[in-house]
Amino acid sequence: MLANIVAAGCCRVWCAVPRPLLHIRSASVTEPGTRRSEEGQLWEAASYLPYSRARIGSFFQEIPVLKNPFLEDALLNGYLRRHLPQEVLSDLCAFGERVVKEVDRWGRECEVTPPQLVQFDPWGHRVDHIVTSPAWKRMKQLVAQEGMVAIGYERPFGEWSRVYQMSKVYIFSPSSGLSTCPLAMTDGAAKVIQSIGVSWPVDEAFSRLTTRQPERFWTSGQWMTERQGGSDVASGTETVAVPQTDGSYKLHGFKWFTSATDADMTLTLARVQDRTGATTPGSKGLSLFYAEVNRDKDGRLKGIEVQRLKDKLGTRPVPTAELLLDGLSAHRLSEEGRGVAAIANMLTITRIHNAVCAVASMRRVLQLARDYATRRTAFGKLLKDHPLHMQTLARMEVETRGAFLLVMDVCRLLGREESGMATQLDAHLLRLLTPMVKLYTGKQALAVVSEGLESFGGQGYIEDTGLPVILRDSQVLSIWEGTTNILSLDILRCVAHSSGMVLHAYFTHTKSLLAGASGVSSLAPAVKAVDGALSELQAFVQLAATRAPGYLELAARDLAYSLARIYTGSLLIDHACWKGASSSDTYAALRWCEQDLCPVVSKQAIGCYDPSTPPLDTALVYDQPTQG
Ligand code: UCC
């Protein structure tokens with residue numbers, strides 16, 4: 001008998017023979033089908049063992065289920081009901097259904113079939129083909145069909161059109177296989193072209209970037225980063241533009257990070273050469289160019305060589321390449337030397353998209369964690385019945401709600417500006433809040449998504465659950481389109497550039513939001529907290545204005561966080577006062593306002609920005625082991 005077993009089950013049986021019999025006796029000796037005869041016992045036991053041969057136990061964890069992301073999101077529903085007609089909700093509900101049934105699968109396909117670069121054909125000719133998956137191509141068509149760029153330019157709901165558009169992007173993003181990256185740049189390019197004036201040679205491009213017809217739709221790149229760096233664009237850009245007799249230019253340079261390089265066109269920066277070949281250094285030497293990505297009759301890219309694709313932590317479906325521009329034909333869009341100012345419109349749009357996608361990641365991980373908590377049992381009860389687990393999810397929910405209202409408010413302001421409804425105050429607020437929302441939500445997304453993965457235990461760390469990719473992809477949100485520190489400094493720049501008017505707009509609007517909640521007793525603690533923090537912040541700003549510039553620079557990051565937390569608090573309060581608000585809206589506002597709303601004042605109070613701080617910080621960072 002033993003020989004039979006060995007022949008049938010090899011080493012697994014060897015392990016099972018002496019000990020698992022005890023398991024059977026202790027655990028299930030009375031189960032039907034267990035025979036007791038001496039010689040049969042071993043054979044029966046082996047085929048019964050819960051962990052022998054093909055048997056891997058009877059317990060399997062429940063799988064978290066993705067449900068309609070529109071229907072599952074109470075705040076999104078409430079916010080849209082407050083501001084937009086039913087037809088928008090119906091469209092988003094139908095789209096949410098499509099995301100679950102169809103699109104999410106494509107997103108996964110994008111992730112597991114990343115782009116490949118084929119540099120040469122079999123006969124040695126340079127071809128530089130970026131081969132992408134069918135799912136990635138389907139996403140491009142979907143973006144057009146669903147009007148995810150178009151809505152922002154058709155403006156079917158006037159000043160609220162951007163909120164509608166971005167709500168769709170928000171539902172789409174976590175299932176999009178990162179096609180939100182080309183989507184953001186395409187939107188940004190359309191915005192730049194529209195701001196400059198839609199005329200030859202970009203009229204056709206604008207129509208293609210904003211069409212709903214998949215076969216006509218183009219995506220755009222945004223080639224800003226060169227080898228010297230992505231933040232300091234002014235001194236890092238070496239690409240030169242050589243004027244041609246027909247008024248066009250040939251670009252020569254090396255672009256170090258070009259995202260979604262399978263785009264049909266791009267906007268990029270370069271320095272115009274004068275007749276002697278000289279260029280102007282710094283920001284004032286940069287101009288904005290438009291170029292199409294074309295191939296010659298032999299299939300070779302015209303004026304471009306793809307050096308290699310980047311090997312990235314996340315955003316793997318996105319082809320990100322190093323490009324040699326070797327005589328790329330281009331048209332100058334900005335005045336000479338006005339390149340940074342001209343491309344700033346693109347940065348505004350891509351930064352807002354970044355924030356939308358950050359909040360969407362937070363929402364997705366929460367929706368899955370919430371579903372999982374209703375299925376997974378531990379310590380004798382479902383996760384949802386463990387108060388500490390619920391407290392953890394509730395804290396994530398508060399962060400996500402705050403971030404959602406913040407980003408939607410920026411979309412509201414963008415919509416007002418584009419539909420000609422913006423006041424001076426709105427314009428100032430939009431300028432201030434854009435870097436702020438990008439930097440703050442980028443960091444929130446990382447924290448919330450990381451916490452979210454933990455709520456699945458070890459499964460949150462396993463690649464083919466589709467969970468870790470949410471974290472890997474979130475890491476880019478605080479890096480591309482301006483890092484946290486660069487954006488904190490951008491806030492200081494816009495304060496200085498506007499002579500403080502952006503802050504004036506901020507204080508005025510935040511106070512008006514709070515005023516709407518006066519007398520609402522359930523929100524009184526939150527209103528008091530935000531009001532107090534606002535006064536502290538105002539006092540800080542007045543004091544900082546009297547200090548040396550280095551003082552504010554050290555405070556820039558904490559200032560950005562303070563601006564974000566206070567403003568978000570006022571938005572949560574405002575939303576909780578709406579007639580359709582729920583008790584959860586009130587609860588979220590109260591919880592948000594319990595945190596340190598004004599870290600710049602708390603840090604100032606302990607001397608963080610004093611002149612003694614920078615040398616101490618440096619000494620700490622470069623601390624060496626003590627000898628001896
Ligand atoms: O390309 C990248 C990846 C693509 C992937 C896109 C995905 C999108 C999201 C997807 C969602 C899932 S990453 C590379 C991105 N690069 C950056 O973000 C650059 C970061 N660096 C900065 O932002 C810097 O602050 C610079 C480059 C803007 C600083 O340059 P300058 O030349 O020193 O800037 P100045 O002198 O401060 O400003 C020059 C002009 C001024 O206008 P004028 O001359 O009229 O006074 C500024 O007011 O530009 C104007 N300006 C702005 N205007 C500068 N920044 C802004 C702004 N943010 N908004 C409006």
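Trainee: Is N354 buried or exposed?
Mentor: N354 lies in helix α12 (residues 339-373). Helices here are DSSP runs of H or I, at least four residues, and strands are E runs of at least two, numbered from the N terminus. Buried means under 20% relative accessible area, exposed over 50%, partly exposed in between, with a 1.4 Å probe and protein chains only. N354 has a relative accessible area of 5%, so N354 is buried.

Trainee: What kind of model is this?
Mentor: Residues are numbered from 1 along each chain as its sequence is written, and side-chain values use heavy atoms, with hydrogens and water left out. Local features need pLDDT of at least 70, side-chain atom pairs count only at pLDDT 80 or more, totals for chains, interfaces and linings use all residues, and the model is predicted.

Trainee: How are the rings of Y170 and F404 arranged?
Mentor: Rings of Phe, Tyr and Trp (its six-membered ring) pair if their centres lie within 6.5 Å; planes under 30 degrees apart are stacked, over 60 edge-to-face, the rest tilted. The count comes to 14 aromatic pairs. For Y170 and F404, the centres are 5.2 Å apart and the planes at 55°, so the pair is tilted.

Trainee: How many residues apart in sequence are the parts that this pair ties together?
Mentor: Both Y170 and F404 are buried. Ring pairs also link them with Y79 into a cluster. Y170 lies in helix α8 (residues 161-172) and F404 in helix α13 (residues 387-418), so the pair ties together parts whose separation in sequence is 234 residues.

Trainee: How does α13 lie relative to α19?
Mentor: R401, G402 and A403 are among the α13 residues that meet α19, where Y567 and T568 are included. The axes of α13 and helix α19 (residues 549-577) come within 9 Å and cross at roughly 90°. Axes are lines fitted to C-alpha atoms, for helices over the stretch in contact, with angles from 0 to 180 degrees between N-to-C directions. Angles under 35 degrees are roughly parallel, over 145 roughly antiparallel, 65 to 115 roughly perpendicular and the rest oblique, which makes α13 and α19 roughly perpendicular.

Key: Contact means heavy atoms within 4.5 Å.
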